[in-house]
Amino acid sequence: MNSLTARSSDAASDRDTDGPGADDAICFGPFALYAQQHLLLKNGEPVSLGSRALLLLIAMVSRAGELLEKAELMALVWPRVVVEECNLRAQVVTLRRALGGDGEFGYIVTVPGRGYRFMAPVTLQPVSRQIAAEPETSSDLPAMMSEVIGRGALLDALDEQLELRRFVTITGPGGIGKTTLALALANRMVPRFPQGVRLIDLASVTAGQLVHVVIASALGLNCAPEGALLAIAQRLAEGKTLLVLDNCEQVLEETARAVENILRNAAQCCVLITSREPLHAEGEFVHDLAALEVPSANANLSAVQAMDYSAIRLFVERVAAHDLNYQLSDPDVAAAIAICRKLDGNALAIEIAAARVRAFGIVPLVELLDGSFRLQMTGRRTALPRHRTLSAALDWTYAILAADEQAMLRQLSVFSGSFSLNAVKAVVEIGTEQAQDSAQLLENLMDKSLLIATEDGPGKRYRLLETTRLYASEKLTRNDESNVTSRRHANFVLDQLRGAVQDLLSTEPQDWLALYGPEIDSVRSALDWAYCADGDPVLGVELTLVSIPLWLRLSLIGEGQDWVNRGLQAGADGMPILPRQRMQLLTLSASVMVLAYGGGAHVRQAWLQISADADLLEDAEHQLRALWGLWNDCCCRNQHSEALELANRYIQLNNVAGSSDRQLLGNRMRATSQFYMADLEGARRSITEALCSPRSANAHIIDMHFDQPVAARSLKAQIQLLQGNVGPALLTIDENVGQAISLNHPATLWYSLCMSALPSTLLVGHLQKFGYYLGLLQDSMAGHDLPLWQQFSICFESILLIRQGAPEEAVPRLGEVLQRLQDHGDSPLHCLIRSEYAQGLAMLGLEQLGLEVISDTLHTAQSRNERWFLPELLRIKAQLLLGQGLPSLLPLVRSTLSEAHGEARKQGASFWTSRIAADLARLQEPELVCISRSL
């Protein structure tokens, strides 16, 4: 016999029982713990404790005086979850703070290396005789077989509302947990209804039957149908009764009339309803039951953190019911989240899916749920027929829909995401004279918990739960409506996208995204149908061509490229495609590759083909686009003389075409080439002219790569810096980055950071600001798989580590990324990055190798007229030479610095001349003749 049982034996005998009762309080000091109710009182007042801490306290108090091992306590407090010991320690600290107590450790003593012991004497306080003598209430409620997960706060709120309002309806889609919640609420309220709690399931009652007759029969009343309502009211008026009417959706009007009559004539009666739609009766308080809480798709959670979400907790507990050894581990969390998200947090769906884990495993189950397998998974054999599969649950709802409601539900399945009322009006065709208008049908489906309203965008939008959409899609196919509905949907999306392209000219980017961003799922659905075997690939190509601005502004560049490739493949497979369409698709493909890779042979070849096609078709617009693409490729390869020629050709052709909105881009192209050729004054004039040009708002992809004013100001800041205006340059950069952030266009932010902010702050040595900009880049790139920008990010991260004195890992990684950049066609940052690499090698004691890298970089830069960084390369070469500490190299150091100074003065680059002059001055110090390892 343990200590608690021994101490409570006297109390137990007083109550004529064999042991402590479930309602007994376990008392210690000023505390009383009610284990079943998970309630801790201190001097009669509740103590606020989390559920884990309470479980831990119950475990220790129930075995007071005994040593409880850490592993045993963790298994009790975190069942089915693998946790670290630190979680247990944290809960013990929480308990100690809540309990206080005397002595060093208070009530709980740590046994080092083993566990914990509860040391305070405890006693049992039996439930009072007054409470025990209260008359028993009458209830026919089934006992709750398991805990209701994730609904604790809601139960408290509904408890209060039912007492206050007397009439509460719980609505929600099938399987969401309405009946479970109602039973839990009714069970906890039994003591407050002396005349009883009555549960009446109306699922088997068909429309036209007299609901009040069914209620009278359940109450044991034997009366004629015409007198049933009076008899019910008289019976329920005798005292305080709770009436629970379950599954009322197929007899709404009859139930509403019966409930109104009962509440008018039985003043102490309360009514709790479950239904897939409200009764719309007088006095009704409606609660639309939300899905269980699910983590976001990109949440990076541990197993312990994931269990704080009710959907995950339910899933894990139901998996464990079929596999006693199952525990959620960190590697399983992503799959568990994906499953619960696919099932929309629906309790029934999660329970049914959890039973499949034993057979298929948690990760394979994620993919299985994408098809019809989801609808046919079977649940408990003892469940009601309509709850044994998700398909059966939806059959129940579908059967009670009117014909036009069924037709709308089927056709809405072509929308894979959210949609607007205008989309419904354009796509859904009922085709019957009696059909209600779209808005009314939409409202009906919402009332029946088949549609969810969202605020995704500037107006109201709607969506089907994914399981409902799959079910409706199967119905659409069986009714031979799939192709005709999908075609209407695709044509509607095409019209939407054409409007989006037109609005690019007149709408601010953030407003444009707010308006058209929510349509992306509809675009996916339309493209998927158009390119399928039964679709229309010609329509697919049209959709692809006008959808690219949306993919780019959402920074879904890789996905946009995939759809472009689908269109090109359709043409390669013999689909009739116009030469102009093929040229347009190829333009989109090359342009997207520019964002992903910068340049390279494949990109260059595509632009050459586009140029040839544009010349053949005499298409000036695509001739300009091809010139831009070839210019960009030259910039990536640092062929700046050729790039300048292409920029001038672009400006000349644009002048002939008379397109004012491309003047900014043309002048920026010329200024960029002049800058890298070290014509700083020419670059300054060109970029000033560019910023005075009309803003380029053309809808084409080229103008969508980056916001052109932001790109122009990025170059302006670099010119300011090299001309010695350091303060204004840094101010321009900071303002420009802020503007890029406000545009909510990631590619623009990447460009301003990588091509201006990060190089400039690195050159002036502001490493704190450099680190801030690097963090912005890394955060913005999360979730984007674009090699060019990822490689830049790794380069800058490695450079920061080298500058902070940690070159061991950073230098080899920087060398690898440099090679990858060269493989993809190089970049305009070639000289800067290689100079940092060379200095990193010197920090590792590889000065000679660093000198070789610098010398090779100098030779390459001079051969291709890439002169903007020559003074700095020469200065670093002198630094590395001097670092060898050989007096014989001092003349070479001086001559190298003199060459650097001359080049900087020739360029008008005051930024370089001032730092080179400082190095020359330091050479006059006598001690540097013998040894110097830094300038």
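## Around helix α34

What covers the buried residues of α34 includes α33 (663-676), α35 (708-722) and α44 (890-907), in a predicted model where local features need pLDDT of at least 70, side-chain atom pairs count only at pLDDT 80 or more, and totals for chains, interfaces and linings use all residues. Residues are numbered from 1 along each chain as its sequence is written, and side-chain values use heavy atoms, with hydrogens and water left out.

The buried residues of α34 (under 20% relative accessible area, with a 1.4 Å probe and protein chains only) are L680, G682, A683, S686, I687 and A690. Seen down the axis of α34, these residues fall within an arc of 155 degrees, so they line one face of the helix; the arc is that of the directions from the helix axis to the C-beta atoms. Helix α34 (residues 680-691) has twelve residues, which at 1.5 Å a residue should span 16 Å, and its end C-alpha atoms are 16 Å apart, in agreement.

L844, L846 and L849 make a nonpolar surface patch of about 220 Å². L846 itself lies in the loop between α41 (830-843) and α42 (847-863), and counts as partly exposed because its relative accessibility is 37%, partly exposed being the range between buried and exposed, the latter over 50%.

## The protein overall

The protein has 46 helices and 15 strands, which are DSSP runs numbered from the N terminus (helices H or I, at least four residues; strands E, at least two). Of its 935 residues, 53% are buried.

Methods. Patch = residues over 30% accessible without salt bridge, like charges linked within 9 Å, V, L, I, M, F, W, Y side chains within 5 Å. Areas by Shrake-Rupley, 256 points an atom, 1.4 Å probe, with all protein chains shown as cover. Salt bridge = Lys/Arg side-chain N within 4 Å of Asp/Glu carboxyl O. Expected span 1.5 Å × (residues − 1). Contact = heavy atoms within 4.5 Å.
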